[in-house]
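Colleague: I would like to learn how to read the contact between two chains in a model such as this one. Could you start with the general idea of each term and then turn to the case at hand?

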Protein chains: 2
Amino acid sequence: MSLRMALLALLAARPMTGFDAMRQFDVSVDYLWHAPHTQIYPELRKLEAAGLVDGEEVPRGEHARKRRYSLTEAGREQLRAWVEEVEEPRRERDPQRLKAAYFEWASPQAARAQLEAHARFHEDALASYEKQREDILARRVPLLQARLERTPPSEQEAVVEFKAFAYDGLIARARAEVEWAQEGLRLLDRLHPERSEGEASEQPDA
Amino acid sequence: MSLRMALLALLAARPMTGFDAMRQFDVSVDYLWHAPHTQIYPELRKLEAAGLVDGEEVPRGEHARKRRYSLTEAGREQLRAWVEEVEEPRRERDPQRLKAAYFEWASPQAARAQLEAHARFHEDALASYEKQREDILARRVPLLQARLERTPPSEQEAVVEFKAFAYDGLIARARAEVEWAQEGLRLLDRLHPERSEGEASEQPDA
């Protein structure tokens, strides 16, 4: 359901071909709702069959054609209805957290590798989110610019601020995850002091 | 896959009937990996078929029988292998965050209701996590006590600390979610000042 909504929200900014949608997805919505490319074309066709988007053949180069999709009034209404509806918060389902609760079953090396991967992943994510948030507030994101062109001036601030707010949530969570992984690494050092001293002595002099 | 692992980890503490497993799931693993009850019995039967747990008929009352499951050596190995294996961190898929990015499509009332539900849910979760973490560190959780009875004294601290560490992660995230929702409510007040003043004047004098 959420991929459908993510695509409707994307097409609310401007009409797009499947290829455009895929590319734009990667640099915007995908931060908020990760979906593999292979899901995007079939979902666009389903949206068209349901009358939520209009497909139109347009030329691609000299001889080929491509399909460009634009939001219909029904699509607009469905997007609005989905955003209006209060979403049930979800219970926790995080394999990393579950695994950490049973780290006594892992070797200290394996637990350390897991936590280092966790920290790295969320540090990278954090940097992307912070960059994207800055670009949103500076109105430097092309898709946001297209969206603002279709938005009355009195409502533009809200459009920008809600996007930045969504990224605030991503940033806060990524930061919490990095700190958690670092706490775990300190815990491993504490539970296995011999090992971490051994490692330290193998390092070149700083 | 993770439900299977959650059940193996549960049975590593002590043998249990399906009913015990369901009850114990609710007061421990379920915080880390939410699963509906209906999934637990079928998964136990699959674990038995795969030789990862042993099922044994034991009396229930005067005439009836029930099945009690205990971890086999193969189950123990599979649990260990799963905890050892580095888990790929997951990309974001949070309908709340996705929806917040498009709150300009919602009425301020609907956006407010969504954020209030979000704050309430994570405040409640936070309180449960904090209580559970305290009980873990004080070794007051019966299932943890059963687990510790099967654990050599030199490894007991790790068992307790890893469980508490998993809850630290839940606590940090729940706290970030509550703060995020509150930030969103302040943003709505800022974008719709007339409305929040109107509401304030309807409140009884403080």
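Modeller: A salt bridge is a side-chain nitrogen of Lys or Arg within 4 Å of a carboxyl oxygen of Asp or Glu. Between chain A and chain B the count is 16 salt bridges, including one in which the side chains of A:R91 and B:D30 meet at 2.5 Å, N to O. This is a predicted model, in which local features need pLDDT of at least 70 and side-chain atom pairs count only at pLDDT 80 or more, while totals for chains, interfaces and linings use all residues. Residues are numbered from 1 along each chain as its sequence is written, chains are lettered from A and ligands numbered from 1 in the order in which they are written, and side-chain values use heavy atoms, with hydrogens and water left out.

Colleague: How many residues of chain A are in contact with chain B?

Modeller: With contact meaning heavy atoms within 4.5 Å, 74 residues of chain A touch 74 residues of chain B.

Colleague: And what area do chain A and chain B bury between them?

Modeller: The size of an interface is often given as the accessible area lost when the parts come together. Buried area is taken here with a 1.4 Å probe and summed over both parts; chain A and chain B bury about 7500 Å² between them, 64% of it on carbon and sulfur atoms. On the side of chain A, the residues that lose the most area to chain B are A:W105, A:F162 and A:F165, together 12% of what that side buries.

Note on methods. Buried area = accessible area lost by both parts, 1.4 Å probe.
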